[in-house]
Amino acid sequence: MTQTEVQPTVSAHAHHAPPERKWWHYFTFNTDHKVIAIQYLVTSFIFYLIGGVMASAMRTELATPNSDFVSPETYNNLLTLHGTIMIFLWIIPAGAGLANFLIPLMIGARDMAFPKMNALAFWMIPPAGIMLALSLLVDAPQAGWTSYPPLSLMTGKVGEGIWIFSLLISGTSSILGALNFLVTLLKMRVPSMGLNSMPLFCWSMLATSALVLIGTPVLAGALILLAFDLLAGTAFFNPSGGGDPIVYQHMFWFYSHPAVYIMVLPLFGAISEILPVHARKPIFGYRAIAYSSLAIAFLGLIVWAHHMFTSGTPAWLRMFFMITTMVIAVPTGIKVFSWLGTLWGGKIALNSAMLFAVGFIAVFVIGGISGVMVAAVPFDIHVHDTYFIVAHLHYVLFGGSVFGIYAALYHWFPKMTGRMMNEPLGITHFILTFIGMNLTFMPMHVLGLQGMNRRVALYDPQFTTLNQVCTVGAYLLAISTVPFLFNAIWSWSKGRKAGDNPWKALTFEWLTTSPPAIENFEVLPVLTWGPYDYGVEHLSEGEEPPLTSPELQPNTSVAS
Amino acid sequence: MQGSTVDSTKTALNYHAEMTVDHHEEHPDHRIFGVIVFLLAESMIFLGLFSAYLTFRAVYPEWPPAGTPERELLLPGINTIILISSSFVIHQADTAIKKNDVKGLQTWFVATAIMGIVFLAGQLYEYHHLEFGLKTNLYASTFYVLTGFHGLHVFFGLVLILAVLWRSFKPKHYSNEEHFGVEAAELYWHFVDVVWIILFILLYLL
């Protein structure tokens with residue numbers, strides 16, 4: 001947050017005209033980080049729609065206790081694909097898309113450190129996703145997104161094999177992406193930008209990249225062993241051959257718990273950007289937010305076994321993981337507190353971006369509270385594998401990540417496309433999403449406490465009413481994407497011109513044109529004030545900052 | 001715009017004068033840093049597999065499980081010595097190219113490649129003569145998958161070395177200033193070597 005010297009010289013170089021961006025570039029192996037970002041975002045949104053159709057089908061089936069819409073096997077397929085697609089092909093790549101667009105712009109770089117590898121990472125997503133989605137036509141996996149053995153070894157080799165290889169590909173993509181983010185963030189900032197003057201989105205991506213690089217390879221290791229069990233007949237995780245399925249669970253959750261933070265940390269960063277801009281106030285607690293991202297990343301690596309409280313984990317180990325899990329609420333709470341502190345007394349503009357950002361905080365906190373509840377071993381044993389967990393994880397991943405992605409899209413759409421989004425449509429989108437989301441997932445808390453099992457197509461008729469409420473909510477959520485899609489497509493071609501800096505924001509990405517030219521900046525920017533100095537008086541040289549109360553001012557005696 | 005209050009004192013205009021740095025700045029080389037980060041991530045796969053192995057071992061009452069045939073230590077021992085020495089050999093190549101000695105680079109890379117090939121051949125020979133197969137028991141499975149996965153890495157390292165060797169015959173491709181490929185191949189080779197030392201201790205000695 002330091003101010004550096006202003007260097008008022010203007011580059012004397014005559015600039016060669018940069019090559020034009022053509023629409024078909026978006027369909028090619030292009031190395032421009034902004035093209036790759038749009039590729040990521042559009043592709044992942046398509047997978048979001050596919051996953052959403054699957055969710056709607058599941059909710060339709062669950063409208064009645066009997067099996068009347070799809071067969072229980074198909075339900076298992078849908079359940080597995082819905083979870084896997086939403087996590088590995090929607091939220092994680094969407095976060096990578098935002099990071100791709102924002103990191104180089106925010107730190108004043110012309111591109112990522114390794115542009116070709118960046119493009120390669122993106123182009124792994126479509127084959128992995130298409131393979132997984134099309135498996136529904138052949139023999140889809142049906143062991144859930146966790147794919148615990150021995151169940152996953154007994155439900156069909158083709159589907160499970162596709163699942164494993166799809167995840168290995170998307171995992172590799174995510175490792176290569178994170179490698180790029182980390183090197184870019186550490187090595188390519190403009191000279192005037194120290195780590196402690198980076199925008200908070202960059203901090204959160206630093207933490208996210210570290211988690212991806214540490215966690216994802218371990219998942220790859222587990223998947224390789226699982227593939228051997230499935231295809232070569234070894235018995236690493238198969239108890240009937242002397243193997244140990246618990247080892248799979250440990251390896252799986254060593255990645256998949258941090259994956260929760262991989263999915264939500266980028267959006268924590270995005271929210272930290274959006275709030276100060278639309279509240280016209282400096283961010284409250286810059287360093288607290290920055291360092292709490294690192295704390296979350298570190299703690300996120302030592303909480304994984306809380307997913308395994310009912311897997312025969314010894315009591316002392318459960319105690320350890322219970323405590324670490326509860327402790328991770330502290331850095332998260334610091335962030336929420338800082339966001340509220342930022343909003344407090346601000347001149348808040350309740351536009352679509354801000355509505356989603358504030359909605360994010362509200363809904364995420366509910367997911368956080370239920371998270372602390374399930375961290376407690378006795379409570380978790382009671383609700384394990386019930387709809388309470390489904391409610392909790394959707395409050396975190398839908399209320400957190402998806403709200404965050406929407407907030408980010410509304411906020412940066414003008415920069416990405418050069419045009420404003422339509423506000424009334426955006427507000428409609430938010431209202432529908434907010435109501436639909438709570439209608440779908442809030443009753444699931446009750447269902448879970450009453451003992452309704454997750455992952456099963458059939459249920460006891462006593463749960464019917466609440467399930468029908470959930471189904472109505474799910475339809476509302478499905479409808480809510482219509483105004484967004486219409487808005488995005490219409491605004492992209494016909495929206496009002498945005499100009500360079502429609503929000504009057506201070507971070508570097510708003511200094512360049514919208515959409516940014518191919519090499520981002522004509523001349524590289526120099527940091528002259530912190531990224532969130534909204535409404536902060538900048539004192540001219542030699543001027544002393546005012547002291548807190550008049551009687552403490554130097555040279556003024558109260559007695560005289 | 002869209003309801004955001006404009007902070008009139010600082011608009012984008014203020015920035016204009018401050019966007020200064022020359023457009024044609026040199027792009028510094030971050031590739032070695034990238035390779036190191038990649039290898040750290042890669043080592044996490046092995047760490048995960050080692051942890052799985054150690055857990056299996058801890059859970060089993062007897063390890064290797066009863067009935068596992070005895071393992072021969074002579075051949076893998078020789079193999080280990082060859083692989084460890086190759087790390088010193090490939091470092092000579094790095095020293096050579098830093099003195100702009102392309103001939104030296106080629107000589108030492110050929111030597112490293114031969115040592116790598118001997119290692120892989122030795123491992124294949126061992127596979128053929130072991131008295132247990134992939135599915136004999138849990139020890140056998142972990143043995144084959146871990147050494148095989150490592151062997152795959154040796155193979156990739158060999159491909160890297162041969163690619164660098166191929167390129168070194170192009171005139172002026174590597175010099176004392178520009179030899180990223182040499183350094184990357186060397187780092188990768190050291191990594192493969194360190195992984196083998198841990199694997200050898202875990203699978204053969206413990």
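The largest cavity is lined by 22 residues, and A:Ile92, A:Pro93, A:Ala96, A:Ser174 and A:Val212 lie nearest its centre. Helices H2 (72-107), H5 (157-187), H6 (200-232) and H7 (245-279) of chain A each give two or more residues to this lining. The largest share, seven residues, comes from H5(A). The model is predicted: local features need pLDDT of at least 70, side-chain atom pairs count only at pLDDT 80 or more, and totals for chains, interfaces and linings use all residues. Residues are numbered from 1 along each chain as its sequence is written, chains are lettered from A and ligands numbered from 1 in the order in which they are written, and side-chain values use heavy atoms, without hydrogens and water.

A cavity is a set of points on a 1 Å grid over the protein atoms alone where a 1.4 Å probe fits but cannot get out; lining residues have an atom within 4 Å of a point. The largest one has a volume of about 210 Å³, counted as the space filled by probe spheres set on the points. Its lining has 14 nonpolar, eight polar and no charged residues. Helices are DSSP runs (H or I, at least four residues), numbered from the N terminus.

Now to the surface. A:Ile130, A:Leu134, A:Leu137, A:Val138 and A:Val158 form a nonpolar patch with about 510 Å² of accessible area together. Such a patch joins nonpolar side chains within 5 Å, from residues with over 30% relative accessible area and no salt bridge. Four of the patch residues come from helix H3 (residues 115-138) of chain A. A:Leu137 lies in that helix and is exposed, at 72% relative accessible area. Exposed means over 50%, buried under 20%, and partly exposed in between (1.4 Å probe, protein chains only).

Next come the charged pairs. A salt bridge is a side-chain nitrogen of Lys or Arg within 4 Å of a carboxyl oxygen of Asp or Glu. A:Asp385 sits in the loop between H12 and H13 of chain A and A:Arg455 in the loop between H14 and H15, so the pair ties together parts that are 70 residues apart in sequence.

In chain B, B:Glu178 meets B:Arg31 (3.5 Å, N to O). B:Asp29, B:Arg31 and B:Glu178 are linked in a network of salt bridges. B:Lys98 and B:Asp94 also pair (2.9 Å, N to O). Both lie in helix H3 of chain B, four residues apart. B:Lys98 is partly exposed at 47%, whereas B:Asp94 is buried at 4%.

Terms used: On a 1 Å grid over the protein atoms alone, a cavity is a set of points where a 1.4 Å probe fits but cannot get out, and a pocket is an open set with protein on both sides within 12 Å along at least five of seven lines; lining residues have an atom within 4 Å of a point. Ala, Val, Leu, Ile, Met, Phe, Trp, Tyr, Cys and Pro count as nonpolar, Asp, Glu, Lys and Arg as charged, and the others, Gly among them, as polar. Patches are made of residues with over 30% relative accessible area and no salt bridge: like charges are joined within 9 Å, nonpolar side chains (Val, Leu, Ile, Met, Phe, Trp, Tyr) within 5 Å. Accessible areas come from the Shrake-Rupley method with a 1.4 Å probe; for residues, only the protein chains shown count as cover.
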